[in-house]
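Subject: A structure to look through

Dear colleague,

I am passing on a structure that I would like you to read through slowly, with the viewer open beside this message. My notes on what was found follow just below it.

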Amino acid sequence: QVQLVESGGGLVQGGGSLRLSCAASGRSFSTNVMAWFRQAPGKEREFVARIRWSGGNTHYADSVKGRFTISRDNAKNTVYLQMNSLKPEDTAVYFCAATSSSSYTFDYWGQGTQVTVSL
């Protein structure tokens with residue numbers, strides 16, 4: 001099993017920044033891709049960004065490209081999401097996810113951390 005614990009959420013004004021962290025433990029060595037998703041009230045969960053442990057290849061949703069940066073620290077088994085130029089529409093619960101498969105089907109999920117962006 002893999003355990004994922006997110007932290008770093010909070011309330012920020014529009015235009016501000018936050019950095020989320022996701023610490024992986026357990027059989028985290030079996031995973032190869034980490035990702036962030038988010039879910040706003042009344043909306044479906046949506047993909048935000050992903051990164052490979054090996055090589056660090058990244059991919060972003062168009063809505064966050066140029067504003068968010070995903071990174072990882074392999075030694076700490078931790079993935080980060082640096083969020084800049086935040087907008088009220090970024091308000092959501094942000095979830096960390098991991099997969100050990102070759103497809104992007106995520107098997108493991110964190111409990112989520114709330115990000116609220118005010119006007």
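Which residue in strand 9 does A35 stand opposite? Please keep in mind that this is a predicted model, and then turn to strand 9, where A97 stands opposite A35.

Strand 4, which covers residues 33–39, is mostly covered, with six of its seven residues buried. Strand 4 also pairs with strand 5 (residues 46–52), again in the antiparallel sense, over six bridges, and there you will find that the bridge partner of R38 is E46 in strand 5. Between strand 4 and strand 5 the hairpin has six residues, and within this hairpin G42 takes a positive phi near 75°.

If you now follow strand 9 to another partner, you will come to strand 11, to which strand 9 is joined by three bridges in an antiparallel arrangement, with V93 having Q114 in strand 11 as its bridge partner. Strand 11 (residues 113–118) is also joined to strand 2 (residues 10–13), this time by four bridges and with the strands running parallel, and in this pairing L11 stands opposite T116.

In strand 11 the covered face consists of T113, V115 and V117, whereas Q114, T116 and S118 make up the uncovered one.

Stepping back to the chain as a whole, you will count eleven strands and zero helices. Its radius of gyration is 13 Å, which agrees with the value near 14 Å that a compact globule would have with 119 residues, and the C-alpha atoms fill a box of roughly 40 × 25 × 25 Å along the principal axes. Of the 119 residues, 45% are buried, and among the contacts with a separation of 6 or more, 53% are between residues 24 or more positions apart.

As for the surface, the accessible area of the protein chain comes to about 6,100 Å², with 47% of it belonging to carbon and sulfur atoms. The chain carries 12 positive and 8 negative side chains, and the centres of these two sets lie 6 Å apart.

With best wishes

Definitions and conventions. Residues are numbered from 1 along each chain as its sequence is written. This is a predicted model: local features need pLDDT of at least 70, side-chain atom pairs count only at pLDDT 80 or more; totals for chains, interfaces and linings use all residues. Side-chain values use heavy atoms; hydrogens and water are left out. Helices (H or I, at least four residues) and strands (E, at least two) are DSSP runs, numbered from the N terminus. The radius of gyration is taken over C-alpha atoms; the globule rule is 2.2 Å times the number of residues to the power 0.38. Buried means under 20% relative accessible area, exposed over 50%, partly exposed in between (1.4 Å probe, protein chains only). Contact means heavy atoms within 4.5 Å. Accessible areas come from the Shrake-Rupley method with a 1.4 Å probe; for residues, only the protein chains shown count as cover. Lys and Arg count as positive and Asp and Glu as negative; His and the chain ends are not counted. The place of a charge is taken as NZ of Lys, CZ of Arg, CG of Asp or CD of Glu. Two strands pair if DSSP finds at least two bridges between them.
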